Amino acid sequence: MLSFWEQNTFLAYDYIVIGSGITGLNTACAIKEKEPKAQVLVLEKGALPSGASTKNAGFACIGSFTEKWADYQRLGESAFLKLIDDRWVGLYLLRKRLGDDNINFINYGGFELLLNNQLDIEDKINHLNNLLFKLFKKQVFYHAPQFIEKFGFNKTMVDTMLFNPFEGQIDTGQLMKTLMNYAGILQIRIINGINVVEIDTEGNRAKVVCKHDQQLITFTAKQVCLATNAFTSQFLPNEEIIPGRGQVICTAPIPGLKFTGIFQFDEGYYYFRNYGERIIFGGGRNLDFEGETTTSFDITDRIQHQLQFFLEEMIIPETPFQIEYRWSGIMAFNEQKTPLVKRINNHLVVGARLNGMGIALAAKIADEVSTLMLQAK
Ligand SMILES: Cc1cc2nc3c(=O)[nH]c(=O)nc-3n(C[C@H](O)[C@H](O)[C@H](O)COP(=O)(O)OP(=O)(O)OC[C@H]3O[C@@H](n4cnc5c(N)ncnc54)[C@H](O)[C@@H]3O)c2cc1C
């Protein structure tokens, strides 16, 4: 049972954000930046953020060429350009909020490895470059076959490479720690280990019912935001939220590792990067779409073996290495690969479905979601 003090002091807020991933924390920070006196609470079911934000690969980017071409085909020109622009603006907002040094943002650039039968792309590259010139005022995708040899990739497996100078990488852990520290400076209250089980938006104030230690606790607020990404269906079963697991391996340091930067292949389904002299390598969801459409944080032999195969045969052939870490995280997708930002009712908004590009998008989504919340007076 809660005491008078607890009920009098800790349960009522102006704004509640559910989920302490990169979207939830940016949203809470954006609210406080715009309305410094607001009482803001973030509720997180995990001891740490427990979705994608502390599990990802740290690519701060607009995406690889083949992935972008597929996006362009699916979305058409204006929606495609908007998505790229949102990522670019989001990254700018995130870097401005936290500072490049604090998130270890490094702009080594991004590379794509084109494997067999992907050579017929000259016209497509020119087409996308022309389109993207409107946003970047510079060429975005360059042919860069010289890097196959320079970086030591297997020439029999990699036909050619592309380079994009706008891509960067961040330290995922450092980013999330800095975001939590900044939220602390802004006096945002974060409660961990508390699972939101119900949101009642019928009355004057929203009631957010949580479970902790078999006890139900109800917080109230004027406005509530769902920043629960892949776990949003629990509250909004009619929205298109398709969970997608991403599996990752991370090597022990490999002395003399030849490459730096972020790398992708197969329309972005595989991605690797250096972290110092380590390689962080993830992906392979397209090997088993059905099995990877899940919110379970397991890893599977099939995908782990495939990652290891590419590492041994293509990325660092003939170099001994050890895998020191393996993990998975859960993303949220829809067919169109577009984020879900909208008002659900008088008390509830949602900012979710970051589609595997949350580092670049989150601060932009947070800006939009916080505006929606603050507008509702
Ligand atoms: C393996 C992997 C690699 C990736 N690589 C990249 C990359 O290189 N670049 C990039 O831009 N993106 C990448 N992504 C995607 C990126 O991580 C996500 O888009 C982003 O983290 C989504 O952030 P979020 O805050 O919206 O969701 P999440 O980080 O999933 O946060 C949602 C939070 O809500 C909490 N929650 C859910 N339900 C409840 C509840 N009922 N009560 C309380 N709390 C709840 C969860 O515990 C979680 O902490 C990757 C993702 C994965 C999994």
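Below is a short tour of the domains, the sheets, a helix pair and the ligand site.

## Two domains

Keep in mind that this is a predicted model. The chain is divided into two domains, and each is built from separate stretches: domain 1 takes 4-54 + 174-240 + 339-375, and domain 2 takes 109-166 + 242-333. Their centres, taken over C-alpha atoms, are 32 Å apart.

Where the two domains touch, domain 1 puts in twelve residues and domain 2 puts in eight residues.

Let's start with an open sheet of six strands, which follow the order 8-2-1-12-19-18 with mixed pairing. Strand 8 (189-191) and strand 18 (340-345) sit at the edges, each pairing on one side only. On average, neighbouring strands here are turned by 20° against each other, ignoring direction.

Inside this sheet, strand 12 (residues 223-226) pairs with strand 19 (residues 348-352) in the parallel sense, over three bridges. If you want a spot to look for, find L226, which stands opposite V350 in strand 19. Helix 2 packs on the sheet and touches strand 1 (15-18), strand 2 (40-43), strand 12 and strand 19. The direction of helix 2 makes about 175° with that of strand 2. Helix 11 lies across strand 1, strand 12, strand 18 and strand 19, and runs at about 180° to strand 19.

Strand 5 runs antiparallel to strand 6 (residues 160-164), and two bridges join them. Here H143 stands opposite L162 in strand 6.

## A hairpin

Strand 9 and strand 10 (residues 206-212) run antiparallel and are joined by five bridges. A hairpin of five residues links strand 9 to strand 10. Within the pair, V196 stands opposite C210 in strand 10.

## Two crossing helices

Now find helix 3 (residues 65-75) and helix 6 (residues 122-136), whose axes come within 11 Å and cross at roughly 75°. That angle is why helix 3 counts as roughly perpendicular to helix 6. Helix 3 brings F65, K68, W69 and Y72 to the contact, while helix 6 brings K124, I125 and L128. By class, the contact has five nonpolar, no polar and two charged residues.

## Around the ligand

Where does the ligand lie relative to domain 1 and domain 2? Both domains give residues to the shell around the ligand, so the ligand lies between them.

Of the 42 residues around the ligand, the nearest are G19, G21, G51, G329 and G358. The elements that give two or more residues to this shell are helix 2 (22-34), strand 9 (195-200), strand 13 (242-251), strand 17 (323-333) and helix 11 (358-375). Helix 11 gives the most, with four residues. Sorted by class, the shell holds 20 nonpolar, 19 polar and three charged residues.

Terms used: Residues numbered from 1 in each chain as written. Predicted model: local features only at pLDDT ≥ 70, side-chain atom pairs only at ≥ 80, totals over all residues. Near = placed C-beta within 6 Å. Nonpolar A, V, L, I, M, F, W, Y, C, P; charged D, E, K, R; others polar. Domains from an automatic or database assignment. Axes fitted to C-alpha atoms, helices over the stretch in contact; angles between N-to-C directions. Parallel < 35°, antiparallel > 145°, perpendicular 65-115°, else oblique. Contact = placed C-beta atoms within 7 Å. Pairing = 2+ DSSP bridges.
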